[in-house]
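These are my notebook entries on a single protein chain, written down in the order in which I looked things up.

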Amino acid sequence: MASFRDMLNNLARDYAIAWSSGDPNAVANFFAPDGQITINRGEPIVGRAAVAEMARGFYADFPDLEVRCDMLRWAGSHAIFVWTLEGHHSETGNHVVTRGWEEWELTADNKVQTSLGWFDADDYQRQIDGQ
């Protein structure tokens, strides 16, 4: 049986792989049925269907999207997934590399109940615009 540490490391690895797969449902399946993600203090995106739609938007913007797990930290059911997103913007063609993290609260069956996501939106937009 895998240790809790191994399980969380595998979860983070597989979440990054799901984001890199181009399959929005693969991303949504990491969330509890009523799970939610909030990005940069925006409106919460609630439920798997809404999470899949959010991921679909990222794939439309970055058809070659790749997400890497840079680090994972945890304490009990709380984890921090540190990531790098990379891809070429579909409209501008500009190469974008941005970094951020998600703060997760996990369910007993290790699904994401809540995620608070953070990244530098101004830098992200500058890269999209080629500045």
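Before sorting any lining residues, I wrote down the classes: Ala, Val, Leu, Ile, Met, Phe, Trp, Tyr, Cys and Pro count as nonpolar, Asp, Glu, Lys and Arg count as charged, and the others, Gly among them, count as polar. I also noted that this is a predicted model.

**Entry 1: the cavity**

I recalled that rolling a probe the size of a water molecule over the atoms shows where empty space is left. My count came to one cavity of 30 Å³ or more, and the largest cavity holds about 200 Å³ of space. Its lining is made of 15 residues, and the closest to the centre are Trp19, Phe58, Trp83, Leu85 and Glu102. What kinds of residues make up the lining of the largest cavity? With the classes above, I find twelve nonpolar residues, two polar ones and one charged one. I then looked up where the lining comes from, and found that β1, α3, β4, β5 and β6 each supply at least two residues.

**Entry 2: helix α3**

I next checked the length of helix α3, which runs over residues 48–61. Which residues of α3 are buried? I listed Val51, Ala52, Met54, Ala55, Phe58 and Tyr59. Around the axis they cover an arc of only 160°, which means that they sit on the same side of α3. When I looked for what these buried residues pack against, I found the helices α1 (4–20), α2 (24–28) and α4 (121–129), together with the strands β1 (31–39), β2 (45–46) and β4 (78–88).

**Entry 3: helix α4**

I repeated the search for α4, where Tyr124, Gln127 and Ile128 are buried. Their arc around the axis is only 100°, so they too lie on the same side of their helix, α4. The cover over the buried residues of α4 includes α3, β5 and β6.

**Entry 4: two residues with positive phi**

I kept in mind that most residues other than glycine have a negative phi. Arg41, which is not a glycine, has a positive phi of about 65°, and I found it in the loop between β1 and β2. Because its relative accessibility is 72%, and exposed means over 50%, Arg41 counts as exposed. Asn110 also has a positive phi, near 60°, and it lies in the loop between β5 and β6. Its relative accessible area is 22%, so Asn110 is partly exposed.

Gly42 is in the loop between β1 and β2, and with 32% relative accessibility it counts as partly exposed. Although Gly42 and Leu116 are 74 residues apart along the chain, I read a separation of 9.6 Å between their C-alpha atoms.

Trp101 lies in strand β5 and is partly exposed, with a relative accessible area of 38%. Which residues does Trp101 touch, not counting those up to four places away in sequence? I wrote down Ile80, Phe81, Val82, Trp83, Leu116, Gly117 and Trp118. For one of these, Gly117, I also noted the C-alpha separation from Trp101, which is 5.7 Å for two residues 16 places apart along the chain.

Terms used: Residues are numbered from 1 along each chain as its sequence is written. This is a predicted model: local features need pLDDT of at least 70, side-chain atom pairs count only at pLDDT 80 or more; totals for chains, interfaces and linings use all residues. Side-chain values use heavy atoms; hydrogens and water are left out. Helices (H or I, at least four residues) and strands (E, at least two) are DSSP runs, numbered from the N terminus. The expected span of a helix is 1.5 Å times one less than its number of residues. Buried means under 20% relative accessible area, exposed over 50%, partly exposed in between (1.4 Å probe, protein chains only). The arc is that of the directions from the helix axis to the C-beta atoms. Contact means heavy atoms within 4.5 Å. On a 1 Å grid over the protein atoms alone, a cavity is a set of points where a 1.4 Å probe fits but cannot get out, and a pocket is an open set with protein on both sides within 12 Å along at least five of seven lines; lining residues have an atom within 4 Å of a point. Grid points are joined across faces, edges and corners, and a volume is the space filled by probe spheres set on the points.
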